[in-house]
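Me: I have a structure to go through and would like some questions about its layout answered.

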Amino acid sequence: MTKPRLILDQDDVLAATHGKLAQIVLSDFGTNLTHEALHQGPLQQHLSPEDQKRLYKLIHAPGFFTDIPVMPNAYEAVLELSKKYDIFVATAAMEFPNSFRDKYDWLQTHFNFIPWSNIIFCGDKSILSGDYLIDDMPRNLKTFKGKGLLFNAPHNLEETAYERVRNWEDITKRLL
Ligand SMILES: [Mg+2]
């Protein structure tokens with residue numbers, strides 16, 4: 001029997017990318033913003049145009065994606081879900097061409113049970129086909145034909161069009 005296909009986004013779903021960015025702003029940008037403030041709303045809205053440029057350069061530099069922390073409980077949850085679902089990872093890596101090697105190595109390091117054949121580096125995610133997509137970007141869920149679940153993130157707090165999951169515990173409760 002074929003398993004239903006569950007597609008997972010990488011940044012801000014498997015990887016705590018926003019957390020790394022917020023930490024860089026707090027420790028290196030000489031800001032008086034607080035940790036709490038940086039977790040409310042899109043990060044750019046808190047930054048000056050100069051700091052936005054600085055952050056943009058960092059994200060596009062080789063190595064940025066190598067040491068992003070794993071989202072809490074993601075490994076255990078995905079491993080458990082892989083018994084019931086055919087797990088794919090789909091990341092819009094084309095936006096960050098220097099990230100390909102980093103993102104691939106990161107998945108090998110932290111989710112080594114996901115085979116290379118189930119990893120998709122893409123641009124526009126409307127190309128994806130599956131039963132479930134978990135993503136923090138509403139624009140990716142908008143074009144998805146299966147069931148989309150919005151992973152809670154500071155930049156999507158206002159979004160109400162999609163079923164929201166707050167963390168990996170929520171996801172296993174919803175899907176297992
Ligand atoms: Mg994402």
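Reply: Domain bounds here come from an automatic or database domain assignment. The model is a predicted one.

Me: How far apart do the C-alpha centres of domain 1 and domain 2 lie?
Reply: The assignment gives domain 1 as 5-16 + 68-175 and domain 2 as 17-60. Between the C-alpha centres of these two domains the distance is 23 Å.

Me: On the side of domain 1 that touches domain 2, how many residues are nonpolar?
Reply: Twelve residues of domain 1 are in contact with ten residues of domain 2. The residues on the domain 1 side include two polar and two charged. The nonpolar ones number eight.

Me: Which element gives the most residues to the largest nonpolar core?
Reply: This core has 30 residues, and Leu8, Leu14, Val78, Ile134 and Phe151 touch the most other members. Elements that give two or more residues to the core include strand E1 (5-8), helix H3 (74-81) and helix H6 (168-175). The most, four residues, come from H3.

Me: Is Val165 buried or exposed?
Reply: Val165 sits in strand E6 (residues 163-165). Leaving aside neighbours within four places in sequence, its contacts include Ile134, Leu149, Phe151 and Ile171. A residue counts as buried at 20 or more other C-beta atoms within 10 Å. Because Val165 has 20 such atoms within 10 Å, Val165 is buried.

Me: What is the C-alpha to C-alpha distance between Val165 and Thr17?
Reply: In sequence, Val165 and Thr17 are 148 residues apart. In space, C-alpha to C-alpha, their separation is 17 Å.

How values were computed. Residues numbered from 1 in each chain as written. Predicted model: local features only at pLDDT ≥ 70, side-chain atom pairs only at ≥ 80, totals over all residues. Core = buried A, V, L, I, M, F, W, Y, C linked by C-beta atoms within 7 Å. Buried ≥ 20, exposed ≤ 12 C-beta atoms within 10 Å, placed from the backbone. Contact = placed C-beta atoms within 7 Å. Nonpolar A, V, L, I, M, F, W, Y, C, P; charged D, E, K, R; others polar.
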